[in-house]
Amino acid sequence: MKKGSLERRRTFSVGQFILTALMLLLAATMLVPILNIVANSFSDPMKSPGMSGLRIIPDGFSLLNYQIVLSNTTILPALFNSVKITVVGTAINILLTTMAAYTLTRPKLLFKRTIMVFLIIMMLFDPGTVPEYLTIKQLGLMGSQWSVILVTAVSVYYLIIMMRYFQAVPQEICESALMDGAGHMRLLFSIMIPLAKAGIATITMFYAIVRWNEYFRAGIYITKNSQTTLQVILRQYVVSNDTATLIGDKNIGKYVNILDFNALKNATIVVAIVPVLILYPFVLKYYTKDVLAGSVKG
Amino acid sequence: MLDRKNRAPVLDMGGPTLSERVRRNLHTLRLDWVLYAMLLPTIVFFVIFRVWPIWNMRLAFFTYKAKTAWEWAGLKYFQQIFATPQFGNILKNTLIISFMKYVLLFPFFVIFAILLSEMRMHRCRKVVQVISYLPHFLGWVVIAGIWINFLSYDGAVSEILSWFGVSPSNHMTNRNSIRWILFLSEGWRSMGWDSIIYYTTIIGISPSLYEAAEMDGATRLQVIRHIVLPALLAPMSTMFILNLGYFMSAGFDQVLNFSNAAVQNTIDILDTYIYRVGIQNGQYSLASAVGLFKGVVGMVLVLCTHVTSKKLTGEGVW
């Protein structure tokens, strides 16, 4: 009781008020630039040019920017390629990571230390852009989407996270399953993975978000424009300010006089943000749950 | 199997011999081959996509030949690097940008975590957390898009500055502010996420410590100074040493996407130089030499700090 009243008294102090206001203002500076892009992309094309940078509600409403972006003959295939690479790539990530994490968490594994040291070295040692580029070239993967998919097939960092989740599964369950004649594959897929669902969810999200945001390797390894990804096109468009890919498109012809290219750019950015926004609640649910609750386990 | 069991007591007299150990290991491997096969794809992956590139790093000492074997060049490419007039500028930029991002920005993450933990209104605190962790998950291309818009001639920053009588301009092309833009955008992206490690340390501090301090009539500032900060020292030193590992990199993805012709000289770093020279101009050997130089200096930095930290505070990374 006494502690509760202390807490309450502190809640309404002037210091708390200033602190809360300050932190919310800081959060606003993180959110407003994103919301401004969203608002601008949904605005009426006649009103969006010169829209205030602080505005977070669309000025008028129009889906024209999205209609053009999503029917664009460069952006649409790139979006499709991005989804494809993200889905296939993440599936490979999860498969390899869970299998390796399973093996590495078995108690009587031979050479366990040696393998772990090898993996840690692999994590710390970055050979750099050019040596990796040459390897892709020597492997004959240049130009293929497989280069991007395979070159990040396992991350030691996420492997270690997965191992932590598997270690939490009681050893007796595994032993009795093996005793009953289940093979390792069966044990992994029908017992371990369902028991470590939170871990699978966590690494899936992290892998998928990294895959989705990949632009550099896709930009240098995938040489054909028809094979490239959304982030590469977005980079050309936003960072290098190369609007030719959009202006040259035949779908744009009849709108060219009313279009606001800046708003069109913003619509493309929003399309690139949406998958992250879809995955973000799961990050909060599975990975930062304890942090959000204000308490840590153990 | 039976035979092995029968012989076991005899062998145990002097412990297993080498050949016995090898045979026993082979036996386990044969029995449990599925288990080891599950690890195999990962090992093969690392050998092909990490060990092979590491082996390719030797190109720094060779001249690249596409069809035939590479030609030994000795230290030629390293001499070439140090003879390049802009190299000094690039190295300086790298160190300045890293210093701003990894030393100047660093305390703000700690302050953010402390302020967050001091918030008593739980719902507000959660709102701040949910918003501040989000930018970490956006790719640098998207962040560059957001910031270019934010800092443009008619963007939010120009508008706010105009309230104070500053005439609007495109800040992204201003060479005097671009490094601070890198500093701020890094903070914008990482403030929430990078403060998590400090935040979890703070909420892990035993409540009895706080209660004792309260009993003694300590103010909030005294509590932070004498209880919270000492607890944060360990994660701070670990993060600081790990940051030094990135010191020679300075954040390639960010710099590449925030760069434009007007400011390129001010923020050209080692990695953007490697990209330009190696990938765009095809001078593989020269770029590999810069990469090797970068890697070795980075590693020496981390080792030195680790050893110093261990001597001074007893805390290192490992």
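1. What does the pLDDT of chain B average, and what share of the residues score at least 70? This is a predicted model, so that is the place to start. Chain B averages a pLDDT of 89. In chain B, 94% of the residues reach a score of at least 70. For the complex, the predictor gives an ipTM of 0.91 and a pTM of 0.90.

2. Which helix of chain B has the lowest mean pLDDT among its elements? That is helix α1 (residues 2-12) of chain B, with a mean of 46. Helix α5 (residues 87-104) of chain B has the highest, at 96. Over residues 1-12 of chain B, pLDDT stays under 50. The model has two contacts beyond four places in sequence for that stretch. Where pLDDT is low, predicted coordinates should not be read in detail.

3. Now chain A. The secondary structure of chain A comes to 16 helices and zero strands. Its C-alpha trace spans about 75 × 70 × 35 Å along the principal axes. The radius of gyration of chain A is 25 Å, whereas a compact globule of 298 residues would have one near 19 Å. Of those 298 residues of chain A, 39% count as buried. Take the contacts in chain A between residues at least 6 apart in sequence: 70% of them join residues at least 24 apart.

4. Chain B has 16 helices and two strands. Chain B is more spread out than a compact globule, because its radius of gyration is 27 Å, well over the 20 Å that the globule rule gives for 318 residues. The C-alpha atoms of chain B fill a box of roughly 90 × 70 × 40 Å along the principal axes. Buried residues make up 33% of the 318 in chain B. Of the chain B contacts between residues at least 6 apart in sequence, 68% join residues at least 24 apart.

5. On domains, chain A is divided into domain 1 (1-62) and domain 2 (84-212). Their centres, taken over C-alpha atoms, are separated by 39 Å. Chain B is divided into domain 1 (1-51) and domain 2 (78-313). In chain B the C-alpha centres of the two domains lie 47 Å apart.

6. How many residues of chain B are in contact with chain A? There are 69, and they meet 70 residues of chain A. Helix α3 (residues 33-56) of chain B gives the most to the side of chain B that touches chain A, with 15 residues. By class, that side of chain B has 44 nonpolar, 18 polar and seven charged residues.

7. The largest nonpolar core has 121 residues. A:A100 and A:I269 have the most contacts inside this core. A second, separate core has 16 residues, among them B:A113, B:V128, B:Y198 and B:L232.

8. Is B:L75 buried or exposed? B:L75 counts as exposed, because it has 12 C-beta neighbours inside 10 Å and the cut-off for exposed is 12 or fewer. B:L75 is found in the loop between β2 (71-72) and α4 (76-83) of chain B. The C-alpha atoms of B:L75 and B:S162 are separated by 55 Å. Along the chain, B:L75 and B:S162 are 87 residues apart.

Key:
Residues numbered from 1 in each chain as written. Chains lettered and ligands numbered in written order. Predicted model: local features only at pLDDT ≥ 70, side-chain atom pairs only at ≥ 80, totals over all residues. Core = buried A, V, L, I, M, F, W, Y, C linked by C-beta atoms within 7 Å. Buried ≥ 20, exposed ≤ 12 C-beta atoms within 10 Å, placed from the backbone. pLDDT = per-residue confidence, 0-100. Helix = DSSP H or I, 4+ residues; strand = E, 2+ residues; numbered from the N terminus. Contact = placed C-beta atoms within 7 Å. Rg over C-alpha atoms; globule rule 2.2 N^0.38 Å. Nonpolar A, V, L, I, M, F, W, Y, C, P; charged D, E, K, R; others polar. Domains from an automatic or database assignment.
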